[in-house]
Amino acid sequence: MAEKSDIDTELLQQYLDTLGAEGIKATLTTFDGIIQSYAKLLHQAAKERNEDELRKQAHKVKGACSSVGLTALSKTMERVEKEDWEWPVAERLLIEWADAVIPHRQQIDAWLAKHH
(Lines give C-alpha, C1' and ligand atoms only; values in the text may rest on other atoms or scores of the structure.)
Protein backbone atom coordinates (compact mmCIF):
# COMPACT_ATOMS: atom_id res chain seq x y z
CA MET A 1 0.00 0.00 0.00
CA ALA A 2 1.25 3.46 -0.82
CA GLU A 3 2.25 5.76 2.00
CA LYS A 4 0.67 9.18 2.37
CA SER A 5 4.02 10.75 1.47
CA ASP A 6 3.73 9.05 -1.93
CA ILE A 7 1.03 11.53 -2.93
CA ASP A 8 0.79 15.32 -2.62
CA THR A 9 -2.36 15.77 -0.54
CA GLU A 10 -1.91 19.56 -0.42
CA LEU A 11 -2.03 19.72 -4.22
CA LEU A 12 -5.01 17.36 -4.27
CA GLN A 13 -6.82 19.55 -1.74
CA GLN A 14 -6.17 22.62 -3.91
CA TYR A 15 -7.58 20.75 -6.92
CA LEU A 16 -10.58 19.65 -4.90
CA ASP A 17 -11.24 23.23 -3.77
CA THR A 18 -10.83 24.59 -7.30
CA LEU A 19 -12.11 21.84 -9.60
CA GLY A 20 -14.36 19.82 -7.32
CA ALA A 21 -14.40 16.03 -7.16
CA GLU A 22 -15.65 15.64 -10.73
CA GLY A 23 -12.89 17.89 -12.05
CA ILE A 24 -10.23 15.83 -10.27
CA LYS A 25 -11.78 12.61 -11.56
CA ALA A 26 -11.69 13.96 -15.12
CA THR A 27 -8.05 14.97 -14.70
CA LEU A 28 -7.18 11.53 -13.35
CA THR A 29 -9.00 9.85 -16.24
CA THR A 30 -6.89 11.88 -18.66
CA PHE A 31 -3.75 10.97 -16.71
CA ASP A 32 -4.65 7.27 -16.75
CA GLY A 33 -4.96 7.39 -20.53
CA ILE A 34 -1.73 9.21 -21.26
CA ILE A 35 0.39 7.41 -18.68
CA GLN A 36 -0.18 4.11 -20.49
CA SER A 37 1.21 5.53 -23.73
CA TYR A 38 4.10 7.14 -21.84
CA ALA A 39 4.88 3.80 -20.18
CA LYS A 40 5.06 2.15 -23.60
CA LEU A 41 7.50 4.81 -24.79
CA LEU A 42 9.64 4.31 -21.67
CA HIS A 43 9.66 0.57 -22.25
CA GLN A 44 10.58 0.99 -25.91
CA ALA A 45 13.45 3.37 -25.11
CA ALA A 46 14.79 0.97 -22.48
CA LYS A 47 14.43 -2.02 -24.81
CA GLU A 48 16.42 -0.16 -27.47
CA ARG A 49 18.94 1.05 -24.86
CA ASN A 50 18.32 4.60 -26.08
CA GLU A 51 19.47 6.68 -23.12
CA ASP A 52 18.58 10.08 -24.58
CA GLU A 53 15.06 8.97 -25.44
CA LEU A 54 14.61 7.30 -22.05
CA ARG A 55 15.63 10.49 -20.25
CA LYS A 56 13.31 12.54 -22.49
CA GLN A 57 10.36 10.23 -21.79
CA ALA A 58 11.19 10.16 -18.07
CA HIS A 59 10.93 13.96 -18.06
CA LYS A 60 7.43 13.79 -19.59
CA VAL A 61 6.33 11.09 -17.14
CA LYS A 62 7.77 13.06 -14.21
CA GLY A 63 5.66 16.06 -15.19
CA ALA A 64 2.52 14.01 -15.70
CA CYS A 65 2.92 12.36 -12.29
CA SER A 66 3.62 15.68 -10.57
CA SER A 67 0.56 17.27 -12.15
CA VAL A 68 -1.78 14.83 -10.40
CA GLY A 69 0.04 14.63 -7.08
CA LEU A 70 1.96 11.37 -7.59
CA THR A 71 5.05 12.63 -5.79
CA ALA A 72 6.94 9.37 -5.28
CA LEU A 73 6.42 8.29 -8.90
CA SER A 74 7.61 11.69 -10.07
CA LYS A 75 10.76 11.39 -7.95
CA THR A 76 11.53 7.98 -9.46
CA MET A 77 11.28 9.43 -12.95
CA GLU A 78 13.45 12.36 -11.92
CA ARG A 79 16.16 9.86 -11.00
CA VAL A 80 15.87 8.22 -14.43
CA GLU A 81 15.91 11.62 -16.11
CA LYS A 82 18.77 13.29 -14.24
CA GLU A 83 21.01 10.85 -12.40
CA ASP A 84 24.00 9.01 -13.79
CA TRP A 85 23.07 5.34 -14.03
CA GLU A 86 23.97 2.08 -15.69
CA TRP A 87 21.26 0.20 -17.57
CA PRO A 88 20.54 -2.35 -14.80
CA VAL A 89 19.81 0.54 -12.41
CA ALA A 90 17.56 2.31 -14.92
CA GLU A 91 15.69 -0.93 -15.61
CA ARG A 92 15.18 -1.53 -11.88
CA LEU A 93 13.83 2.01 -11.46
CA LEU A 94 11.42 1.50 -14.36
CA ILE A 95 10.16 -1.74 -12.84
CA GLU A 96 9.72 -0.09 -9.42
CA TRP A 97 7.84 2.77 -11.06
CA ALA A 98 5.57 0.45 -13.06
CA ASP A 99 4.82 -1.67 -9.98
CA ALA A 100 3.88 1.45 -7.99
CA VAL A 101 1.59 3.22 -10.45
CA ILE A 102 -1.60 1.34 -9.58
CA PRO A 103 -1.16 1.36 -5.78
CA HIS A 104 -0.32 5.05 -5.79
CA ARG A 105 -3.30 5.87 -8.01
CA GLN A 106 -5.46 3.86 -5.62
CA GLN A 107 -4.10 5.99 -2.79
CA ILE A 108 -5.33 9.10 -4.62
CA ASP A 109 -8.73 7.49 -5.20
CA ALA A 110 -8.94 6.58 -1.49
CA TRP A 111 -7.95 10.11 -0.48
CA LEU A 112 -10.55 11.57 -2.82
CA ALA A 113 -13.28 9.25 -1.52
CA LYS A 114 -12.50 10.42 2.01
CA HIS A 115 -12.32 14.14 1.31
CA HIS A 116 -15.19 15.01 -0.98
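**Note on the predicted model: loops, helix pairs and core**

1. E83 sits in the loop between α3 and α4. The model is a predicted one. Setting aside residues up to four places away in sequence, E83 touches R55 and E78. Look at R55 in particular. R55 and E83 are 28 residues apart along the chain, and their C-alpha atoms are separated by 9.5 Å.

2. Stay in that loop for E86. E86 also has its place between α3 and α4. Is E86 buried or exposed? E86 is exposed, because its relative accessible area is 61% and exposed means over 50%. Now compare sequence and space. E86 and T71 are 15 residues apart in sequence. From C-alpha to C-alpha, they are 24 Å apart in space.

3. Next, the helices on either side of this loop. Two packed helices are described by the angle between their axes and by the distance between those axes. For α3 and α4, the angle is about 165 degrees and the axes are 10 Å apart. α3 and α4 are therefore roughly antiparallel to each other, since angles over 145 degrees count that way. Their crossing is left-handed.

4. Which residues of α3 and α4 meet? From α3 come A72, L73, T76, M77, R79 and V80. From α4 come R92, L93, L94, W97, A100, V101 and H104. By class, the contact of α3 with α4 has nine nonpolar residues, two polar ones and two charged ones. Keep V80, L94 and W97 in mind for the last two points.

5. Now turn to α1 and α2. These two helices pack at an angle of about 165 degrees, and their axes lie 7 Å apart. That makes α1 roughly antiparallel to α2, because the cut-off for this label is over 145 degrees. The crossing of α1 past α2 is left-handed.

6. The α1 and α2 contact can be read residue by residue. On the α1 side are L11, Y15, F31, I34, I35, Y38, L41, L42, A45 and A46. They meet E53, L54, Q57, A58, K60, V61, A64, C65, S66 and S67 of α2. The contact of α1 with α2 divides into 15 nonpolar, three polar and two charged residues.

7. Check R49, in the loop between α1 and α2. Its phi is near 55 degrees, a positive value in a residue other than glycine. How exposed is R49? R49 counts as partly exposed, at 45% relative accessibility.

8. The largest nonpolar core has 33 residues. Which members touch the most other members? They are L54 and W97. The elements giving two or more residues to this core are α1 (9-47), α2 (51-67), α3 (71-82) and α4 (87-115). The largest share, 11 residues, comes from α1.

9. Finish with L54 itself. Leave aside its neighbours within four places in sequence. L54 is then in contact with L42, A45, A46, V80, W85, W87, A90 and L94. V80 and L94 are listed where α3 meets α4. W97, named with L54 in the core, is one of the α4 residues that meet α3.

Terms used
Residues numbered from 1 in each chain as written. Predicted model: local features only at pLDDT ≥ 70, side-chain atom pairs only at ≥ 80, totals over all residues. Heavy atoms only, no water. Core = buried A, V, L, I, M, F, W, Y, C linked by side-chain atoms within 4.5 Å. Buried < 20%, exposed > 50% of the residue type's maximum accessible area, 1.4 Å probe, protein only. Helix = DSSP H or I, 4+ residues; strand = E, 2+ residues; numbered from the N terminus. Contact = heavy atoms within 4.5 Å. Axes fitted to C-alpha atoms, helices over the stretch in contact; angles between N-to-C directions. Parallel < 35°, antiparallel > 145°, perpendicular 65-115°, else oblique. Left-handed = near helix turned anticlockwise from the far one by under 90°. Nonpolar A, V, L, I, M, F, W, Y, C, P; charged D, E, K, R; others polar.
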